[in-house]
Amino acid sequence: MNPRAVWAIYKMEMARAFRTVLQSIVSPVISTSLYFVVFGSAIGSRITEIDGISYGAFIVPGLIMLSLLTQSISNASFAIYFPKFVGSIYELLSAPVSYLEIIIAYVGGAATKSIILGLIILGTASLFVPLTIEHPFWMLSFLVLTAVTFSLFGFIIGIWAKSFEQLQLVPLLIITPLTFLGGSFYSIDMLPGTWRTVTLFNPVLYLVSGFRWSFYGKSDVSIGISLGMTVVFLLICIAIVAWIFRTGYRLRN
Amino acid sequence: MPSIISISGVTKTYATGFKALKEINLDIERGEIFALLGPNGAGKTTLISIVCGIVNRSSGTVSVDGHDISRDYRAARSLIGLVPQELTIDAFESVWATVNYSRGLFGKPANHAFVEKVLRDLSLWDKKDAKAITLSGGMKRRLMIAKALSHEPRVLFLDEPTAGVDVELRQDMWAMVRRLREDGVTIILTTHYIEEAEAMADRVGVINRGEIVLVEDKVQLMRTLGRKRLLLELRSPLATIPETLSRYALELSPDGDRLTYTYDNQSERPGVASLLRDLETAGVQFRDIDTQNSSLEEIFVNLVRKGA
């Protein structure tokens with residue numbers, strides 16, 4: 001093991017976040033507040049309650065998930081894409097570090113940032129609506145598991161991407177629609193039958209549902225399935241990363 | 001003592017089908033300065049990248065100080081410092097942060113005194129808090145070298161280190177290379193400035209179209225392949241070269257003042273001693289005499305042209 005290298009990369013990644021504190025922290029906080037104003041106040045005044053939870057409080061877990069997913073992906077994909085783009089990745093590739101160490105450092109850095117962000121959004125939200133967290137352990141577990149999984153997914157995108165356009169493509173065309181349609185802002189019970197079935201194929205539903213359960217003890221799908229699906233997605237990402245590193249795909253060719 | 005780098009049967013075929021390296025066998029001796037010469041696209045950078053672990057080889061084996069670069073990559077890579085050709089640095093990091101990062105990346109414990117020494121040796125200490133993006137091209141190059149030296153490598157690769165570098169930095173750099181060599185660091189450099197290879201290197205390897213065309217001790221190389229020129233400044237100008245000297249294929253300068261005789265150690269052409277005797281017999285008198293060795297550049301151009 002080369003723990004010093006892991007620490008060096010992790011520290012560098014965290015330093016990058018603090019250098020761009022406006023972009024990393026402030027902008028998600030502002031956009032979350034805007035969601036509250038638009039969804040919470042404007043729409044919430046008409047919906048009032050879902051499953052006995054006020055609409056404003058209902059959307060908090062979904063909003064955190066939304067930021068967690070997009071930020072994990074963009075943090076991790078950018079962290080590995082940028083050195084590839086400017087060429088400074090030569091140093092990482094020539095260093096005595098294993099693939100596992102590279103992953104731990106980069107994914108760890110990206111996940112840490114989005115977890116901090118998630119907690120900040122949680123704090124911001126508590127200023128707008130009264131919040132209860134029934135299962136704090138599971139809340140944190142979902143937070144960490146999701147941050148790690150999607151940072152890993154972002155890492156894969158960063159390695160795959162050959163241009164900044166491709167780097168934006170997956171988050172924009174796949175992740176954003178999936179999060180909006182994954183029950184962040186509504187319960188899937190509110191959907192007509194066919195759409196309800198379609199939504200069950202959306203992996204984000206399980207994340208949001210499980211996360212919301214940890215807050216209010218109520219969920220669209222059972223907590224076991226939520227957890228299971230999250231772990232399955234994590235395993236898929238791990239498998240892809242293992243393949244990338246075994247073949248040197250887009251890194252050492 | 002076994003060689004510090006041993007490359008055997010290494011090939012590289014890119015996904016496009018381009019064969020960048022064909023069956024490379026090369027041994028680098030411990031503590032030497034080895035110059036790898038070759039035209040653009042010959043495979044120099046690909047070869048270096050394979051040894052450093054940046055590019056996967058298609059076949060063959062490479063070992064660094066006895067450590068296989070795949071099976072025992074940690075030991076192999078921690079011995080190597082690389083200064084690549086392109087100026088590629090994380091633009092937003094400070095000099096101090098990025099050099100310490102490099103040291104950590106290679107698994108060395110933090111040592112601020114050592115990093116300070118490296119920065120001072122490269123005249124970068126004043127810039128330690130500057131962001132890389134604000135540095136001039138020459139300063140960026142120094143920073144790349146500082147990063148490569150930060151983890152105290154035993155083998156240093158310099159890929160075209162002096163391309164686009166001013167005279168002062170170039171001299172600093174060669175002074176640094178000499179110091180490193182005195183500390184026992186092995187240095188492998190690629191360069192287009194052949195006079196530098198000539199001045200610095202112990203051995204020279206020529207690579208062309210993915211093949212090692214020649215590896216030779218530099219002095220030996222210049223001796224065996226080098227042509228010599230004998231220049232004779234004549235006392236009085238000649239209109240034509242006398243018949244009796246025709247077998248020497250002499251060249252007469254346009255003003256008739258100077259005769260040039262080109263010869264090499266392998267040729268069948270008669271030697272200098274007999275030429276001088278025959279000149280005297282023919283009554284040609286000269287006031288000065290000079291010999292010139294051909295440069296590595298000429299040798300290189302000849303070799304590469306032959307391979308084309």
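Over residues 167–186 of chain A, the chain is 70% helix and 0% strand, with 29 Å between the end C-alpha atoms. Helices here are DSSP runs of H or I with at least four residues, strands are runs of E with at least two, and both are numbered from the N terminus. The model is a predicted one, where local features need pLDDT of at least 70, side-chain atom pairs count only at pLDDT 80 or more, and totals for chains, interfaces and linings use all residues. Residues are numbered from 1 along each chain as its sequence is written, while chains are lettered from A and ligands numbered from 1 in the order written.

Turning to chain B, strand β3 (residues 33–37) has five of its five residues buried, so it is largely enclosed by the rest of the structure. Buried means that 20 or more other C-beta atoms, placed from the backbone, lie within 10 Å of the residue's own. B:I33, B:A35 and B:L37 point one way, and B:F34 and B:L36 the other.

Four bridges link β3(B) to the parallel strand β8 (residues 186–190) of chain B, with B:F34 partnered by B:I188. Strand β9 (residues 203–208) of chain B pairs with β3(B) over four bridges, again parallel, and there B:V206 faces B:L37.

Notes:
A residue is buried if 20 or more other C-beta atoms lie within 10 Å of its own, exposed if 12 or fewer, and partly exposed in between; C-beta atoms are placed from the backbone. Two strands pair if DSSP finds at least two bridges between them.
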